[in-house]
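The following report describes selected structural features of a predicted model. Please consult the sequence and the coordinates alongside the text.

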Amino acid sequence: MTGGTGMMDRLRHNPAALGIGLLLIGAALIAGAEAWLTPFERTVIGFAGINIILAVSLSFSNGLTGLFSLGHPAFMMLGGYTAAILTFPAMRKSTMLPGLPEFIATSELSLLPATLAGGVVAAVAALIAGFPVLRLRGHYLAVATLGLIVIVQVLINNMDSITRGAIGLAGLPRLSNLWWIYGWVAVTLFVTWQLKHASLGRALMSIRENELASASIGVRRARLKLFAFVLGAFFAGVAGALWAHLVTNLTPNSFGIVTAFMIVVMVVLGGSGSLIGAALAAIALSVISEAARPIERAIDAYGLVQIVTATLLIAVLLFRPQGLFGSGEPVTRRMTTPGKPPSKTSHEHRGGFPNETS
Amino acid sequence: MPDALLKVESINVWRGASQVLNDVSLSVGQGEIVALLGGNGAGKTSTLSTISGLLRPKSGSITFAGESGPVSLTSLRPENIVKLGIAHCPEGRQVFGGLSVMENLRMGAYLRHDDQIGADVEHYFELFPILRERADLKAGQLSGGEQMMLALTRALMSRPRLLMLDEPSLGLAPQVIDQIFDRIEEIRAQGTTVFLVEQNAAMALEVADRAYVIENGKITISGNASELAEDPSVREAYLGIETTQATGAEIPPMETSS
């Protein structure tokens, strides 16, 4: 017991060792999954990983800044289509996607550059959309970002010489595997975790907590909000790219308002702003939706997953509105407090203030 | 008056269709405590917001004696004004309720990149021991007085040369207000110039060197704090003391019943 907690303590003070340890354990699990699990089970685990990327990135951009964007599916779509077009077999491009420029039509990229390109396209789109959209707040922002989904769907539907319109892209190479997906999960968690716990993360949270005070200490709010939005969009684009190469087909309706709803539920369940919370909620919801599928089929009640998720959301909002972990993390690096006395003495004896009457 | 650190000259400020500041001029000297007094909606907060760059004047100038010569503030962004050494502690405390006390203090030093931040936190923990006690608590859990202390300290964490306080006494018990004003005097004694906006004129005039009275967006009275405290119109309007001059009648001493 004491040995165990001692080790935990040592790990807590050595985040690098903890990170490497987690990576090794994760790698061993993935190797095991790739070796022994059925393709179906691996696909389910893959979906869970993609959902982790989506939920963690949305928890970062929405949870920390207090923005309420529902635009993730739009960025998934942009990332997914960009990557899919880039990896599509060059032989078939000329007939199926005649509108592509020469250099894309003749090339055929591997997954990593295609995924990165997908993320970058999504990020650029977020940068352009963010300027006007992030001036809005609350419900207005939510509705405007829903508009983004519609805009992207309409664009893809109508640019059929490079997207095949409503028919969608089928027969994509199945390039996503658990290594790629969970590699990106690790990158997403690492980047968002580092940023959250840096001065930038505090600055983002200060915007959420109090815009006026945030401005008064010199936080460039517009710029930081845009940064969080763009970073979230990048990872959504990556997730879309991974999804496309896991499912092997992509249509303008692959991601929509239902997707947005599911990701938002994950973020709310985990606690808005909590990265680990979002990841755990993503895993839980992925498992629930797969587990419910045979039940749906057996009792012929399709839509059970949505009903269960919605009920879960209502329950959380009623009984634990801050979600699983609030905006904190189950394991945190405590900021050191110099010279803090170890015992909690009553503050009235230390020159504290009596409570106000007002 | 010592050399002016801040000079506001004839600013006119509009919020939408209504003019909130009308030809306002004032100055704050190096090392002074200057108070701006006025009722609700008189233009106190608008004056501070204009100085800190959150509002833009339509005309007029604001000059700050920066470390390398005078700087005009009217075209600067808020973060650059903070960088110059002006800290604005906004009305109503405005702490980051969901962040810990420690995180609030670190946020105050957001634009600083030196290695003295930890030392400054330690310094203010000495000045306000209660903040050390509460370091890991969420700021939203503090009492009103503690939040005011935190807001004050957070503003100081940017190492300002000019500290602007917007109604530090708002909603606090008299006993707590006394403590806050003691700290304000200490802050000045340590070399920070203070520009104080208050409705609580009695308290403000007690600590201030000079004061201005603002009404309907116009400066109506200015002078030394001690003179203003004796000014009949100030006494009546802001100190709640009826003066014989103002009423024109002798007030009989109150009967005190035991």
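In chain B, strand S1 (residues 4–15) and S2(B) are paired in the antiparallel sense over eight bridges. Two strands pair if DSSP finds at least two bridges between them; strands (E, at least two residues) and helices (H or I, at least four) are DSSP runs, numbered from the N terminus. Leu6(B) has Val28(B) in S2(B) as its bridge partner.

These strands belong to an open, antiparallel sheet of four strands in chain B, ordered S2-S1-S4-S5. Because strand S2 (18–29) and strand S5 (69–72) of chain B each have a single partner strand, one side of each edge strand is left without a neighbour in the sheet. Neighbouring strands of this sheet are turned by 20° against each other on average, direction ignored; the axes are lines fitted to C-alpha atoms.

Chain A contains 16 helices and zero strands. Further values for this chain are tabulated below.

| Property of chain A | Value |
|---|---|
| Accessible surface (Shrake-Rupley method, 1.4 Å probe) | about 17100 Å² |
| Part of the accessible surface belonging to carbon and sulfur atoms | 70% |

Helix H7 (residues 111–133) of chain A includes Phe131(A). Phe131(A) counts as exposed because its relative accessibility is 54%, the cut-off for exposed being over 50%.

This is a predicted model, in which local features need pLDDT of at least 70, side-chain atom pairs count only at pLDDT 80 or more, and totals for chains, interfaces and linings use all residues. Residues are numbered from 1 along each chain as its sequence is written, chains are lettered from A and ligands numbered from 1 in the order in which they are written, and side-chain values use heavy atoms, with hydrogens and water left out.

Methods. Axes are lines fitted to C-alpha atoms, for helices over the stretch in contact, and angles run from 0 to 180 degrees between N-to-C directions. Buried means under 20% relative accessible area, exposed over 50%, partly exposed in between (1.4 Å probe, protein chains only).
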